[in-house]
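User: I am new to this structure and would like to learn how to read its features. Please take me through them one at a time.

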Amino acid sequence: MPGRRRFPPKILAAIRDGQILGIRAGTGPHRIIGIWAVVVQQRVFVRSWSLKPRSWFRTFQEDPRGVVAVDGREIPVRAVFTKSERLKDAVSRAYLEKYHTPGSLKYARDLGRAKSRATTTELVPL
């Protein structure tokens, strides 16, 4: 999407190269939790493995604002739910490439299945 804000290169590299991204969904008094994130086309994407009623994904559905914690900083973000099947395919490939250890691969594959794929969310800095 033209004109959409992007993360600075140093932050993008930290997300791309790091294993866990700190995230707080919504503007309520939630704690920061760690989730998996991938970078595709210089954009940050996350998926939910669990769709529990109090999950970060459900919170973003109610309030798309939040924060990511990366490289010692907290950066305000907005959640944008991805509709593009082509982009979802690229995100699935990125999860498999990034999280490929024997212990991670099962979860990376699960993140590519329909339930998690439907939660593909781009995090855009505010």
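User: What separates W56 and F60 in helix α2?

Analyst: Helices (H or I, at least four residues) and strands (E, at least two) are DSSP runs, numbered from the N terminus. W56 and F60 are four residues apart in helix α2 (residues 56-62), so about one helical turn separates them. This is a predicted model, in which local features need pLDDT of at least 70 and side-chain atom pairs count only at pLDDT 80 or more, while totals for chains, interfaces and linings use all residues. Residues are numbered from 1 along each chain as its sequence is written, and side-chain values use heavy atoms, with hydrogens and water left out.

User: How is a pair of aromatic rings described?

Analyst: The distance of the centres and the angle of the planes describe a pair of aromatic rings. Rings of Phe, Tyr and Trp (its six-membered ring) pair if their centres lie within 6.5 Å; planes under 30 degrees apart count as stacked, over 60 as edge-to-face and the rest as tilted. Six aromatic pairs turn up in a search of the whole structure. One of them joins W56 and F60, edge-to-face, at 6.1 Å centre to centre with 80° between the planes. The F57 and F81 rings have centres 5.5 Å apart and planes at 80°, so this pair is edge-to-face. F57 belongs to helix α2 and F81 to strand β6, so their pair ties together parts 24 residues apart in sequence. Ring pairs link W56, F57, F60 and F81 into a cluster.

User: Which of the residues W56 and F60 are buried, and how does F81 count?

Analyst: Buried means under 20% relative accessible area, exposed over 50%, and partly exposed in between (1.4 Å probe, protein chains only). W56 and F60 are both buried. F57 is buried too, with a relative accessible area of 6%, whereas F81, at 32% relative accessibility, counts as partly exposed.

User: Where does K106 lie?

Analyst: A charge sits over a ring if NZ of Lys or CZ of Arg is within 6 Å of the ring centre and within 35 degrees of the ring normal. K106 lies over the face of Y107, 5.1 Å from the ring centre.

User: Which residues of helix α1 are buried?

Analyst: In α1 (residues 9-17), I11, L12 and I15 are buried. These residues cover an arc of only 100° around the axis, which puts them on the same side of α1; the arc is that of the directions from the helix axis to the C-beta atoms. Exposed residues P9, K10 and D17 are carried on the face of α1 turned away from its buried side.

User: Which strands does β1 pair with, and how do they run?

Analyst: Two strands pair if DSSP finds at least two bridges between them. Strand β1 has three bridges to β2 (residues 33-35), running antiparallel, and four bridges to β5, also running antiparallel. L21 stands opposite I35 in β2, and I23 stands opposite V68 in β5. Five of the five residues of β1 are buried.

User: Why is strand β7 described as largely enclosed?

Analyst: Five of the five residues of β7 (residues 121-125) are buried, so the rest of the structure largely encloses the strand. T121, L123 and P125 point one way from β7, and E122 and V124 the other way. Three bridges join β7 to β4, antiparallel, where F45 stands opposite E122. Five bridges join β7 to β6, antiparallel, and L123 is the bridge partner of A79.
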